[in-house]
Amino acid sequence: MENLKVFADLHHASLLYSLILLFEGRLGGEVFRPIGKDWYDKGFWKIYDHPATVEQFLGIGGATPDGTPKLNEVIQKEAFLYHCKDIDSDKTNKAITFDGFMSTHFDIVIASIPQHIEPFKRLCELHPSKPKLIFQIGNAWSAEATGAKNIMASAVVDNVPSDINFISYHQEFDTNLFRPSSRTPQRGIYSFVNCFNVQDHFQADYALFQEVESIMRDFDFKVFGGQCRDGAMHGSKQLAMKMREAKFIWHTKNGGDGYGHVIHNACAVGKPLIVKKSYYQGKLAEPLLIDRHTCINIDGLSTAEIVSRISEVSESQEMYENMCQNMTKKFKEVVNFDREEQEIRQFIQNLK
């Protein structure tokens, strides 16, 4: 199991870092991801066919026109290998050129978006060491009709064909960062939904957030994330700090998540969530959400009722602390990275 060489597409930074924590931190291997436009030119990178996106993900230096941190800020270069600043962990990750990939032994190739399954199959066939392909599902995607023989799902996936080597797991994150706070928070109600105040499908929920904010003037309402009014969070360290600072985390994300790093991070920090449970019905985070126990479910409530529920919990120190403790306990019951490591080891031994 040790010395596994794993190649994974860079879908988003939190997913990449979760793979580094798993394959490097737990299993003793190495994780590499693509760099250099050869990946695109040769047809092995298909996240989005736009020059700016290709430059952002594959360009050495990684220009980001929207001002977000560079994906490919090079810290050190060794031939065809680039050590780049990891924007999630603030450490480094390993990026490899296409020619470097083809001249290096690899055991596993991971496609984390459906459009990479077909080109990554060809990549495995073309590569001299014939690595095994894994389809990593972190969104609400189907396992059917993909042709993938090995699937790691950090989302609820139904109707998995019986001939597929399949495992359900949670994407790991640093629980030394995302941990309960020893300090009693003040009056912060924070949201961490990217684009919460600009995306059309969040419009009704953001309007509700603002209505509650206009009534509860004693509370400090913040909206953090990409294009959000209070700025983006850059990396897990900053995100964890802000989560620990909040009293409640407002997470009404229309459509929910496949996995959902923010909602799992918030649970690990032991914060009561303000949610619409209907958004998480049948999703991986659903078992974590128990109304009046770990969260305040605002489905179907009027603005006045929402204000009343939040005030009730906030004004009772005992009730609030119980909810925090309940959330911490429930997270540890539902999410166990140590247990899942053993299951993933067996999954890898069974790769087809």
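How many aromatic pairs does the structure hold?

1. Basis of the note. This is a predicted model, in which local features need pLDDT of at least 70 and side-chain atom pairs count only at pLDDT 80 or more, while totals for chains, interfaces and linings use all residues. Residues are numbered from 1 along each chain as its sequence is written, and side-chain values use heavy atoms, with hydrogens and water left out.

2. Aromatic pairs. The structure holds 25 aromatic pairs, where rings of Phe, Tyr and Trp (its six-membered ring) pair if their centres lie within 6.5 Å, and where planes under 30 degrees apart count as stacked, over 60 as edge-to-face and the rest as tilted. One of these pairs joins F173 and F337, which are edge-to-face with 5.6 Å from centre to centre and 85° between the planes. Because F173 lies in the loop between strand 9 (165-168) and strand 10 (188-191) while F337 belongs to helix 11 (residues 337-349), the pair ties together parts that are 164 residues apart in sequence; helices (H or I, at least four residues) and strands (E, at least two) are DSSP runs, numbered from the N terminus. Both F173 and F337 are buried, a term that means under 20% relative accessible area, with exposed meaning over 50% and partly exposed lying in between (1.4 Å probe, protein chains only).

3. A further pair and a cluster. The rings of Y190 and F192 have centres 6.4 Å apart and planes at 75°, so this pair is edge-to-face, and both Y190 and F192 are buried. Elsewhere, one aromatic cluster is formed by F7, F32, W39, F44, F98, F101, F106 and F120.

4. Charges over rings. The charged end of K94 sits over the ring of F32, 5.8 Å from its centre; the rule asks that NZ of Lys or CZ of Arg be within 6 Å of the ring centre and within 35 degrees of the ring normal. K247 lies over the face of Y320, at 5.0 Å from the ring centre.

5. Salt bridges. Side chains of opposite charge can pair when their charged atoms come close. With a salt bridge taken as a side-chain nitrogen of Lys or Arg within 4 Å of a carboxyl oxygen of Asp or Glu, the count comes to 16 salt bridges. In one of them E30 meets K5 at 3.0 Å, N to O, and this pair links distant parts of the chain, since E30 is in strand 2 (residues 30-34) and K5 in strand 1 (residues 5-8), 25 residues apart. E30 counts as partly exposed, at 29% relative accessibility. In another salt bridge, the closest N and O atoms of K253 and D257 are 2.6 Å apart; K253 is partly exposed, with a relative accessible area of 24%, whereas D257 counts as buried at 12% relative accessibility.

6. R345 forms a salt bridge with E341, the closest N and O atoms being 3.1 Å apart, and because the two are 4 residues apart in helix 11, R345 and E341 are separated by about one helical turn. R345 is partly exposed, with a relative accessible area of 24%, while E341 counts as buried at 11% relative accessibility. Salt bridges that share partners join R26, E172, D338, E341 and R345 into one network.

7. Helix 1 against helix 11. The axes of helix 1 (residues 13-26) and helix 11 come within 12 Å and cross at roughly 75°, the axes being lines fitted to C-alpha atoms, for helices over the stretch in contact, with angles that run from 0 to 180 degrees between N-to-C directions. That makes helix 1 roughly perpendicular to helix 11, given that angles under 35 degrees count as roughly parallel, over 145 as roughly antiparallel, 65 to 115 as roughly perpendicular and the rest as oblique. L22, F23 and R26 in helix 1 meet F337, D338, E341, I344, R345 and I348 in helix 11, where contact means heavy atoms within 4.5 Å.

8. Helix 8. Helix 8 (residues 261-269) packs against helix 10 (residues 317-334) at an angle of about 120°, with their axes 7 Å apart. Helix 8 is mostly covered, as 9 of its 9 residues are buried, and what covers them includes helix 1, strand 13 (273-275) and helix 10.

9. A loop glycine. G28 lies in the loop between helix 1 and strand 2 and is partly exposed, with a relative accessible area of 39%. G28 and E2 are 26 residues apart in sequence and 4.9 Å apart in space, C-alpha to C-alpha.
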